[in-house]
Amino acid sequence: MALSKPNSGDTNFNSTNWQRWFFDLWKTVTDLLASVTALQAKPTLGTAQATTSGTAITFTGIPAGTKRITIMYSGISTNGTSPIQVQIGSGSIDTSGYNGTYWFSGGGGGTFTTGFGIKSSAATDTFYGHTVLTHMGSNLWAASGVVGILATGITGTTGATRQLAGALDRLRLTTVNGTDTFDAGSVNIMYE
Amino acid sequence: MLTQIIVDLKTGMSKEIPLTDAELLELSTRPVVLPTADQLRIAEYPPITDFIEAYAADDKIGLQTYKDKCLAVIAKYPKPPKTGV
């Protein structure tokens, strides 16, 4: 909206003109502030969840329109040797149809089709790091990440995608066999 | 009893609940995925810094010790024989 200040020398100037000018000025300023606020929208950080029990940690209620999700791991381990993975879903968790791999810095790794592979191997491993999920459009999500594995001093990398039928609203940290139980550490997510 | 933890980001509440019968049935049908020999070996090889330091110092005993540890890991996790044409 074009905003022109009333001319006090204008013979048509009156209090109504000023009220109108102040109203327009106020609306312009508030619109500008709203735009700046939108541009400065910050990621929302969840509450860290202990991974000291359970076979899976599921985060629900991820809002529609989310474009990026960061999943953070601190000192997580399980009581078994089944690989760790992250699964996503719309309404329910998708347990197949993932395209991607997990790779050790020291060599080795594998293909994951049941989730985004995070790490594999020994029960004594505790891992640290994060996985980032980004929305490519049309409910196609890409995942990448790096975790450090304390016991062996190696890192694991992830690269994968998964197409969902609808908007992503949940994700799950679990194991491939689904029966190994988490016994240490914590996980949190941040979305934006 | 196997359980899972559900975290609702809208309320900030979390709860731990048992797996349902349907979920347990689904788990029982999953194929067993065993770690490969490479994955098991990497987890147990001695630190590469042991080799570097022994090599730099021309420490023949240290190099032999490192080699012996690696060979023990290789023997512990043999690779399956290669098949193909």
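Select S77(A). In this predicted model, S77(A) counts as buried because its relative accessibility is 8%, and buried means under 20%. The residue belongs to strand 4 of chain A, residues 68-78. Now show the side chain of D183(A). A polar contact of 2.5 Å joins it to the side chain of S77(A).

**Along strand 4 to strand 9**

Colour strand 4 and strand 9 of chain A. They pair in the antiparallel sense, over seven bridges. Pick T70(A), then look across to strand 9. The bridge partner there is V132(A). Keep V132(A) selected and turn to strand 10 of chain A. S144(A) stands opposite V132(A) in that strand. Strands 9 and 10 of chain A are also antiparallel, with ten bridges between them.

Most residues other than glycine have a negative phi. S138(A) counts as exposed because its relative accessibility is 62%, and the cut-off for exposed is over 50%.

Select N188(A) in strand 13 of chain A, residues 182-191. Is N188(A) buried or exposed? N188(A) is buried, since its relative accessible area is 10%. Leaving aside neighbours within four places in sequence, the contacts of N188(A) include L45(A), G46(A), A48(A), F59(A) and M72(A). T70(A) and I71(A) are also among them.

Step on to I189(A). Which residues does I189(A) touch, not counting residues up to four places away in sequence? Among them are T44(A), L45(A), G46(A), F59(A) and I62(A). I69(A), T70(A), I71(A), M72(A) and L171(A) are also touched by I189(A). Chain B takes part as well: L9(B) is one of the residues that I189(A) touches.

Now display the largest nonpolar core, which has 36 residues. I189(A) is one of those with the most contacts inside it.

**A sheet with strands from both chains**

Colour these strands in order: 8(A)-5(A)-12(A)-3(A)-1(B)-2(B). They make an open sheet of six strands, with mixed pairing. Look at the edges. Strand 8 (116-119) of chain A and strand 2 (13-18) of chain B stand there, each with a single partner strand, so one side of each has no neighbour in the sheet. The twist averages 20 degrees from one strand to the next.

Move to the chain B part. Strand 1 of chain B, residues 3-8, runs antiparallel to strand 2 of chain B, and six bridges join them. Select T3(B). P18(B) in strand 2 of chain B stands opposite.

**Rings in chain B**

Over all chains, the structure holds five aromatic pairs. Start with F51(B) and Y55(B), which are stacked: 5.9 Å centre to centre, with 15 degrees between the planes. They are four residues apart in helix 3 of chain B, so about one helical turn separates them. F51(B) counts as partly exposed, at 34% relative accessibility. Y55(B) counts as exposed, at 58%. F51(B) and Y66(B) form a tilted pair, 5.5 Å centre to centre and 50 degrees between the planes. This pair links distant parts of the chain: F51(B) is in helix 3 of chain B and Y66(B) in helix 4 of chain B, 15 residues apart. Y66(B) is buried, with a relative accessible area of 13%. Show the three rings together. F51(B), Y55(B) and Y66(B) form one aromatic cluster.

**Last stop: D58(B)**

Select D58(B) in the loop between helix 3 (48-56) and helix 4 (60-76) of chain B. Its phi is near 50 degrees, a positive value in a residue other than glycine. D58(B) counts as exposed, at 53% relative accessibility.

Methods:
Residues numbered from 1 in each chain as written. Chains lettered and ligands numbered in written order. Predicted model: local features only at pLDDT ≥ 70, side-chain atom pairs only at ≥ 80, totals over all residues. Heavy atoms only, no water. Core = buried A, V, L, I, M, F, W, Y, C linked by side-chain atoms within 4.5 Å. Buried < 20%, exposed > 50% of the residue type's maximum accessible area, 1.4 Å probe, protein only. Contact = heavy atoms within 4.5 Å. Helix = DSSP H or I, 4+ residues; strand = E, 2+ residues; numbered from the N terminus. Polar contact = N/O pair within 3.5 Å; in protein donor to acceptor, adjacent residues only side chain to side chain. Pairing = 2+ DSSP bridges. Axes fitted to C-alpha atoms, helices over the stretch in contact; angles between N-to-C directions. Phe/Tyr/Trp six-rings, centres within 6.5 Å; stacked < 30°, edge-to-face > 60°.
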